[in-house]
Amino acid sequence: MSIIGTVHPIRNNGCRSQPGYLGYRGMATLENDLLKFDIPEIVYGIGALSSIGDCAQRLGGERVFLVTDPGIVEAGWVDEALRFLKQVRLEAVVYDNVVTNPRDYQVDQGVQRYLEKKCDVIVGLGGGSPMDTAKGIAILVHNQGSIHDYVGCNLITQPIPPLICVPTTAGTGSDVSQFAIIADPKKKLKLTILSRAIMPDISLIDPKLLTTKSTELIAATGMDALTHAIEAYVSSLAWPMTDPHAIHCIELVFTHLVNAVQTKSMDSLEGMAIASLEAGIAFSNAILGAVHALAHPLGGLYDLHHGLANAILLPMVVNKNMEHAPEKFAAIANAMGAETRGKDVYQASACVPEKIENLIAALGLPRRLYQVGVKPEDIPSLARQASEDLCMLTNPHCYLAEEIESMYREII
Ligand SMILES: [Fe+2]
């Protein structure tokens, strides 16, 4: 078989032919037949934070704009990063006014501060929130208008300043992705920005930074990584450059996540750091699916932690998706360690929801939406937003708003 013959064809899942489909700004870039694979330079290792100054200097930086949050400051990682920057005589300005589900106005504040202080390189140090805020600031430093103008695919025209991401959680994958998710608190919406232009120059991964996270956060962010891997693997844009990373992430999560939550051993945290990295590589290049499409409105309306939303939604969405990609879900069952010998692809794929539910039970995470404050009366609006989310376009099947309503109701 030729190399080309092994590449999965890009499938139109039907979203674009649904009545009422309005399209997504910049979507043309997902509609041609070309595949691409793009990742940053990756610097990995226990103690890797010490090379942050070297990384910034290699990118030509003289004054670093460090975007982070108060929890990272309290954990001592900002002081440590500043010490390493000082060692190579780099100046730094800290912007730490970032919260979970970062807001559009925090991006504006950061831009103003960056320009006032005449910085020339940006570091996002933290979980997905500081890293996505760093990306938002990077966009507006060299591009006109507001962050809302860049919602969609590949709408950023001017290159951003050099960008280094240093993750302190294992799950978001923002350090290796071309996604940024920013909240609009006035409209209670999540804004999805997808662009090659916001791929970080360097992902600096130090598993030691995971040691100060709570067990709840390790569990929720680990479920985010697992969701990235599953959704990327069954995405209509998946191909042989993304599949191995997705499958390896799934193996790593089922090997290390429970142990990481229970013991925080360095071995398990390293396993989860690599799992997050590989899932990020897979989903940045293959995009995501219905779990993320349904999770984004929950984050916008209720300020719900993204990983927690994914964990609640994942078994239900997998149950619906299985029949649309049975071979792929059978491979996922194998990666999860399910007993699949003698089973056909349908029987093997049916093992996946149970494996996920057992994992969620072992992690002690909530199983129903009411447990995290979701109200039945909000479901029609949530479903409409989810049906219009960018991530639905690459799910194995396109779900209409009415179907999504019943999906939310099934797990409320
Ligand atoms: Fe995610």
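1. With angles of 83 to 169° among its 4 donor atoms, the iron ion sits in an irregular site. Donors here are N, O and S atoms within 2.8 Å of the metal (3.2 Å for Na, K and Ca), and water is not among the atoms, so sites may look incomplete.

2. A word on what you are looking at. This is a predicted model, in which local features need pLDDT of at least 70 and side-chain atom pairs count only at pLDDT 80 or more, while totals for chains, interfaces and linings use all residues. Residues are numbered from 1 along each chain as its sequence is written, and side-chain values use heavy atoms, with hydrogens and water left out.

3. Which residues hold the iron ion? The protein donors are Asp224 (OD), His228 (NE2), His292 (NE2) and His306 (NE2), at 2.1 to 2.3 Å from the ion. Along the chain, the donors follow the spacing D-x3-H-x63-H-x13-H.

4. Asp224 and His228 both belong to α8 (residues 215-234), where they are 4 residues apart, about one turn of the helix. Helices (H or I, at least four residues) and strands (E, at least two) are DSSP runs, numbered from the N terminus. An α-helix has 3.6 residues a turn, so residues three or four places apart point the same way. Asp224 counts as buried because its relative accessibility is 5%, and His228 counts as buried at 2%. The cut-offs are under 20% relative accessible area for buried, over 50% for exposed and in between for partly exposed (1.4 Å probe, protein chains only).

5. Now to the open space. The largest pocket holds about 540 Å³. Its lining has 31 residues, and the closest to the pocket centre are Gly127, Gly128, Ser129, Thr172 and His306. His306 is also one of the iron donors. Elements that each supply at least two lining residues are α7 (128-142), β7 (179-184), α8, α11 (290-302) and α12. By type, the lining divides into 9 nonpolar, 17 polar and 5 charged residues. In this scheme Ala, Val, Leu, Ile, Met, Phe, Trp, Tyr, Cys and Pro count as nonpolar, Asp, Glu, Lys and Arg as charged, and the others, Gly among them, as polar.

6. The structure holds 3 cavities of 30 Å³ or more, and the largest cavity has a volume of about 70 Å³. Residues lining this largest cavity include Pro167, Asp175, Asp206 and Leu277. Helix α10 gives the largest share of that lining, 3 residues, and the lining as a whole divides into 7 nonpolar, 2 polar and 2 charged. On a 1 Å grid over the protein atoms alone, a cavity is a set of points where a 1.4 Å probe fits but cannot get out, and a pocket is an open set with protein on both sides within 12 Å along at least five of seven lines; lining residues have an atom within 4 Å of a point. Grid points are joined across faces, edges and corners, and a volume is the space filled by probe spheres set on the points.

7. Helix α12 (residues 306-321) deserves a look. A kink of about 40° lies at Leu314, shortly before the proline Pro315. The bend at a residue is the angle between axes fitted to the seven residues ending there and the seven starting there. In α12, 14 of the 16 residues are buried.

8. Please check two backbone spots. Most residues other than glycine have a negative phi, and most peptide bonds are trans. Ile287, in the loop between α10 (266-286) and α11, has a positive phi of about 65°. Asp303, in the loop between α11 and α12, has a positive phi of about 60°. Are these residues buried or exposed? Ile287 is buried because its relative accessible area is 4%, whereas Asp303 counts as partly exposed at 39%.

9. Lastly, a distance. Tyr233, in helix α8, is buried, with a relative accessible area of 10%. Tyr233 and Asp303 are 70 residues apart in sequence and 28 Å apart in space, C-alpha to C-alpha.

Key. Four donors count as tetrahedral if all angles lie between 85 and 135 degrees; four count as square planar and six as octahedral if opposite donors are over 155 degrees apart and all others between 65 and 115; anything else is irregular.
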